Amino acid sequence: MKKLLLTLSLSLAALPVHAVDELPPPRLVAQEAPDDLPPPRTTTRKPRVTQGETSPAEAAPQAGTADDLPPPSARSRKPVARGFRPTLKVGVDDLLLEAGALPDAPEADTYSTLRTSAYVLWQPSRNWELRAGARLDGMTQDGGTAEHREMLADYGDTYVRYRNGDTRLTLGAQTIIWGRADEIPLADRVSRVDLTRFSLDELSDRRRAQLAARWEQTFGDYKLDAVWLPLFRGAQLPDVASVWSPINRTTGQVIGIDPALTAWVSGARIDEDEHGSGGGAIRLTKAGEPFDFGITLARTRQSLPYYQVDLPTLSLTAVHPFNTFVGADMELVSGGLTWRMELGYTGDVPVTLATTAMDRTHALDWIGALEFFPGGKDTRVNLQLVAHALQTDRSILELKEYYGANGEIETTFAQGRWKAGMRFSGGFNVEDIYLSPKLSYVGWEPHELYIAAHYFDGDARTLGGFHQDHSLITLGLRTRF
Amino acid sequence: MRTPVNHMSLTPLLLLVRFLLLALLLGAASARADEASDLAQKVYDRPNGRDLTTLGRMVLTEKDRAPRIRELVTYRLDKLGGETANLIRFLDPEDIAGTGLLSIDKADGSTDQWLYLPALDRVRRISSDRKGGRFVGSDFFFEDLQERKPSKDRHRLLGRQTENGILCEVLESVPLDPKDSVYSRRISWIDPATALPQRVDYFEKNPAAPSKRWLLRSKKRNQAYWTVTDSRMIDLASGHETRMVVDAALYDQKLPAKLFTSQALADESLESEYRP
C-alpha cells in the first residue's frame, strides 16, 4: 500500500500543470533604443492625425500598458477616411544612364544610352485626371565604322481621363500593353513598339505612348476594353546607322530575311509609310474563379514595320498593313504554379516571296508560360514556350515556322539589397540564342546600379543571328524620383 | 519478497489505479489541449472589425546601414462565408510605388493572389504558395502576412511567462501538415486580457533555436479595437530586423467589395480616397 501511495504521489507529481521544462527561458529585455523613426516620406500621403490622437511613435511603450489605456469615448468623433483630395504630382519616372562595350561589332566599340522621362499628373476632381509626359532618348555609338550620335525628344503618356462608376474613358497618348505572357504577348495589338534599343530592356520599356481613344467598362468580374487608334505611328526605330537598326548597312542584312538575298541593301533608299488610322481593337477579360481569361479582337496596323522591297529603285519602304487578330488567353494557379497561355490567329500577315514581292498569309501563334518560386523562396522562374507558324505553301524569304522558349530567372539576396537575374530565349527548330545575365544593387533605393551582358547568336533570319556581332556588356544606373 | 498471494491481491487494485491515473493524465492533457486550442481560436477571433484600413511604414534595419523604408496602405474586408480580402498598395519608395497585391483568403483555406505592376499596367495572377519568400525584401515571409487558421496547427500550452511586463500564456503551435508552413513550430506569448501576442518565436530547421522573433512594441485602441501600432520582426541569425509601424488605422468604414477586385487593383485612384 505504501508502494501504491508512492506510485500515486509520483504520478500526480508528474502530471503537468504546464510543460514547465519546455518553457523557453525568459527573454533578456534589452533597453529599447530611443525612437528615431523618421516621419513618413510621402508628403502628399501623410496620415491625418486627429486632435487628441498620437502617432504610434509617440504612443506609450508597451510594457505594462495592457489595461492602462482609457476606454474609447462614446462621444469621440469616429475617424473617417480622407475622402477625395485634388492631387498634383510632378516626377521623373525614368532615368537611365548606361555605358556599354561591343567587343565584336564592326560598327562600334561602345554604345551608351541616356534616357529620361518626366511627367505632371493633376487630378482636380474625383472624375477627371490629366497627365502630361515627355521623354528624351540619347544614344552614342563610337569607335568603329559607324560612329553615330542621336537624341530624340518625344511625348510620353499625355492624356485626359474621365472616370465615373465602372466607366473609364481616356483620350490622348497612352501606352497600352495587352496580353498575359512576358516578352512578346500575342494580344499586344495596340501598343507602339520602341526598337531603339532592340530587346535590351524589359517589355514595359520597349513600348511608347501613341494617340488613342480608350473606353474601359467594368461589369462585375468582367472588363471590356475598347481602343481606337485615330492616328497611326509606326514603331520608334533607331537610326539606320545604329547597331540596333533592323537594317544593317554594314553587313547588308534586313532582319528576318535571308542575308544571301539582301546584299544590295547597303546602298538602298529607306522610306517610311505610316499615314492614316491605326484601326481599333476590343478586349474582354475576366478575373476570378476558376481562372482569369481574355478574348481579343483587333483590326489594327502593327507598329513593327514590314519592309516592302522595290528592286528596280533599290528601295525599302517600311509599311504597316492592316491585319486581323483573334486571340484568347488564360491564367490560372494550380499546384503552386502559375500557368499562362495565349493563342492567336492573325490574318493578312505580310510576307516576302522569292521574287521579293509582298504577299499576304495568315499565322497561328501559341505561347504557354509557367511561373513558379522554387521551394517557395525568393527565386522566381518564368518559362515560356512559343510557337509561330505562317500558313502558306508558297516559297517565302521569312521563316515559316519558329518554335522556341524564352523566360527569366531572378533572385534576391543579402536582405534584398542585391538582385541577380537572367533573361533568355532560344529557338528549337533554328539556332537562335539570346542570353542576358544581370547583377543589380538595389539597396540604395530607389536607385538601381547594375552590370549586365547581352549575348546574341543564331542562324540567318533569326533575331539572334542578325545581332550576333552585337553582344554587349553594360554598366548602368537606373532611377526614378 | 512478494508472495504470489500478495501479488494476486494487489494486481487488480494496481491495474485499477494505473487505469485511473492514465485516464486522469489523458483527461488533463486533453483538457490542456482544448484550452490551448481555445486560446489559439481566441487570438484568431479577436475583434478587429468588419473592415480595416491602415497607413503604415515598413522599416528594414541592418547594422551599419541606412534603414530602408517602405510606405504602404493596407485594406482588409471580411466578407460573408468566411472569406477575407486584403489589398496592399505601396506608396514609397518610387521604384515600387503603385505596386499592389490583392489576396482573397477563402473559407477552404486556399488563397487567390494578384499582383499589379504599374510599369506594365498589368494585373498578374500569382501563386500564394510562395510562403517562404521575403515580402519586399523584409524579414516578413509571405506566410507571416496571412492569417493562419488555428485548425491548421496542433496547440499546446507551455506555461505562463512575463513578456513586455505582462503575464502571458505561452502557446506552442505545430503545423499538422509540415508542408503547409515554412515553420516547424511557433511559440507565442499571448496577453490573456487582449488576446494579442506580445512575442512570437518562429522555428524553422532547428527545433531548439528560433530563427525569427516577432515582438510587439506598442499597441493602441482605435474605435474600441486593439491595434498593433508598432512591432518588429527580427532575423535572429543576422540581426536584421523589420519594423512595422501603423501610423493610422480606420475600422468599419464600410469598404466596398469592389475595392478588392483586379480593376481596383489596377487603378490606385479608386481606393485612395478610403485612406486614413
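This section describes the predicted model of chains A and B, from overall composition to individual strands and cores. Residues are numbered from 1 along each chain as its sequence is written, and chains are lettered from A and ligands numbered from 1 in the order in which they are written. As the model is predicted, local features need pLDDT of at least 70 and side-chain atom pairs count only at pLDDT 80 or more, while totals for chains, interfaces and linings use all residues.

The model scores ipTM 0.84 and pTM 0.85. For chain B, the average pLDDT (the predictor's confidence in each residue, from 0 to 100) is 88, and 88% of the residues score at least 70. Residues 1-9 of chain B have a pLDDT below 50, and this stretch has 1 contact in the model beyond near neighbours in sequence. Two residues are in contact if their C-beta atoms, placed from the backbone, lie within 7 Å. Where pLDDT is low, the predicted coordinates should not be read in detail.

Chain A contains 2 helices and 26 strands, and chain B contains 3 helices and 13 strands. Helices (H or I, at least four residues) and strands (E, at least two) are DSSP runs, numbered from the N terminus. Of the 481 residues of chain A, 33% are buried; of the 276 residues of chain B, 45% are buried. A residue is buried if 20 or more other C-beta atoms lie within 10 Å of its own, exposed if 12 or fewer, and partly exposed in between, with C-beta atoms placed from the backbone. In chain A, 55% of the contacts between residues at least 6 apart in sequence join residues at least 24 apart. In chain B, 43% of the contacts with a separation of 6 or more are between residues 24 or more positions apart.

In chain A, an open sheet of 3 strands with mixed pairing has the order E13-E17-E16. Two strands pair if DSSP finds at least two bridges between them. Strand E13 (269-272) and strand E16 (306-310) of chain A are at the edges with a single partner strand each, so one side of each has no neighbour in the sheet. From one strand to the next, the twist averages 25°; axes are lines fitted to C-alpha atoms, for helices over the stretch in contact, and angles run from 0 to 180 degrees between N-to-C directions. E16(A) pairs with strand E17 (residues 315-319) of chain A in the antiparallel sense over 5 bridges. Asp310(A) has Ser315(A) in E17(A) as its bridge partner.

In chain B, strand E9 (residues 185-191) is mostly covered, with 6 of its 7 residues buried. E9(B) pairs in the antiparallel sense with strand E8 (residues 166-175) of chain B over 5 bridges, where Arg186(B) is the bridge partner of Ser173(B). Antiparallel pairing also joins E9(B) to strand E10 (residues 196-203) of chain B, over 7 bridges, and Asp191(B) has Leu196(B) as its bridge partner. E9(B) and E10(B) form a hairpin with 4 residues between them, and Ala195(B) in the turn has a positive phi of about 60°.

The largest nonpolar core has 26 residues, and Leu72(B), Leu91(B) and Ala249(B) have the most contacts inside it. A nonpolar core is a set of buried Ala, Val, Leu, Ile, Met, Phe, Trp, Tyr and Cys residues joined through C-beta atoms within 7 Å. Strands that each supply at least two residues of this core include E1 (51-61), E2 (68-78), E3 (84-92) and E10 of chain B. E13(B) provides the largest share, 7 residues. A second, separate core of 18 residues includes Ile104(B), Val123(B), Leu255(B) and Ala264(B).
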